[in-house]
Amino acid sequence: MNRDITAQFIKMLTNLDQCLAKAVAHAEVKLFSVENFFGDRLIVDMLPFSKQVLICCDSARAVVATASHSELPVMRDDPKTMADLRAHIARTIVYLQSKLDADYSQYASARYVPHWAGGKVMGGHTCIHEYGIPNFYFHLTMAYALLRRAGVDLGKRDYLGGLNLQ
């Protein structure tokens, strides 16, 4: 775990926010409420779009807090509007930016207790590499896919963002 992973979370959440901005523009053109996206799912037993975005943010914060032996910040998870959802992403990015220069050298000795694990603990390596990073990208991809399926004009460049080409 190092600064590069934190910077990558920031980049990808920034890209996600830009996808949400495109969703807002799409809804305006189509003359419907952008909040219609909130409950969208690929299948009935899947968490809705808004939760995909929230879990993406939660995963990034959990990885960085765990890896830097920091307190996990608590953020409200009850957005009512797309603006609320975008503000949640923005607050997550601010937190991640504050941890860019954190000491990640002892990440493997960290402990993370997920709320869903019945009190069981993950070590730092498991939290970051086997759970947190894959979970982040899973929910990021689901949010992207839901917007794309709903007709928002998104492509791979929206997902990846700018690349350092030489």
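Ile 5, Gln 8, Phe 9, Met 12, Leu 13, Leu 16, Cys 19, Leu 20 and Ala 23 of helix α1 meet His 129, Ile 133, Phe 136, Tyr 137, Leu 140, Ala 143, Tyr 144 and Leu 147 of helix α4, where contact means heavy atoms within 4.5 Å. By class, the residues of this contact between α1 and α4 divide into 15 nonpolar, 2 polar and no charged; Ala, Val, Leu, Ile, Met, Phe, Trp, Tyr, Cys and Pro count as nonpolar, Asp, Glu, Lys and Arg as charged, and the others, Gly among them, as polar. The model is a predicted one, in which local features need pLDDT of at least 70 and side-chain atom pairs count only at pLDDT 80 or more, while totals for chains, interfaces and linings use all residues. Residues are numbered from 1 along each chain as its sequence is written, and side-chain values use heavy atoms, with hydrogens and water left out. Helices (H or I, at least four residues) are DSSP runs, numbered from the N terminus.

Two packed helices are described by the angle between their axes and the distance between the axes. Axes are lines fitted to C-alpha atoms, for helices over the stretch in contact, and angles run from 0 to 180 degrees between N-to-C directions. For α1 and α4 the angle is about 15° and the axes are 10 Å apart. The two helices α1 and α4 are therefore roughly parallel, a label for angles under 35 degrees, with roughly antiparallel used for those over 145. The crossing of α1 and α4 is left-handed, that is, the near helix is turned anticlockwise from the far one by less than a right angle.

Helix α1 also packs on α3. The axes of α1 and α3 come within 10 Å and cross at roughly 165°, which makes α1 roughly antiparallel to α3. This crossing of α1 and α3 is left-handed. On the α1 side the contact includes Phe 9, Leu 13, Leu 16 and Leu 20, and on the α3 side it includes Met 82, Leu 85, Ile 89 and Ile 93. The contact of α1 with α3 has 13 nonpolar, 4 polar and 2 charged residues.

A further pair is α2 (residues 49-67) with α4 (residues 124-149), whose axes lie 8 Å apart at an angle of about 155°. Helices α2 and α4 are therefore roughly antiparallel to each other, and α2 passes α4 in a left-handed crossing. The contact of α2 with α4 is made of 18 nonpolar, 7 polar and no charged residues.

In soluble globular proteins, nonpolar side chains tend to be buried together. Here the largest nonpolar core has 46 residues, and those with the most contacts inside it are Phe 9, Leu 13, Leu 16, Phe 37, Phe 49, Met 82 and Leu 147. Such a core is a set of buried Ala, Val, Leu, Ile, Met, Phe, Trp, Tyr and Cys residues joined through side-chain atoms within 4.5 Å. The elements giving two or more residues to this core are α1 (3-30), α2, α3 (82-98) and α4. Leaving aside neighbours within four places in sequence, Phe 49 is in contact with Leu 20, Phe 37, Phe 38, Asp 40, Met 82, Leu 85, Ala 143, Leu 146 and Leu 147.

His 139 is in helix α4 and, at 7% relative accessibility, counts as buried; buried means under 20% relative accessible area, exposed over 50%, and partly exposed in between (1.4 Å probe, protein chains only). Beyond neighbours within four places in sequence, His 139 is in contact with Gln 52, Ile 55 and Cys 56. Gly 124, also placed in α4, is buried with a relative accessible area of 0%. With neighbours within four places again set aside, Gly 124 is in contact with Thr 66, Tyr 107, Ala 108, Ala 110 and Arg 111. The C-alpha atoms of Gly 124 and Thr 66 are separated by 6.6 Å, although these residues are 58 apart along the chain.

The loops hold two backbone exceptions. Most residues other than glycine have a negative phi. Leu 31, in the loop between α1 and α2, has a positive phi of about 60° and is exposed at 76% relative accessibility. His 69, in the loop between α2 and α3, has a positive phi near 55° and is partly exposed, with a relative accessible area of 44%.

Definitions and conventions. Angles under 35 degrees count as roughly parallel, over 145 as roughly antiparallel, 65 to 115 as roughly perpendicular and the rest as oblique.
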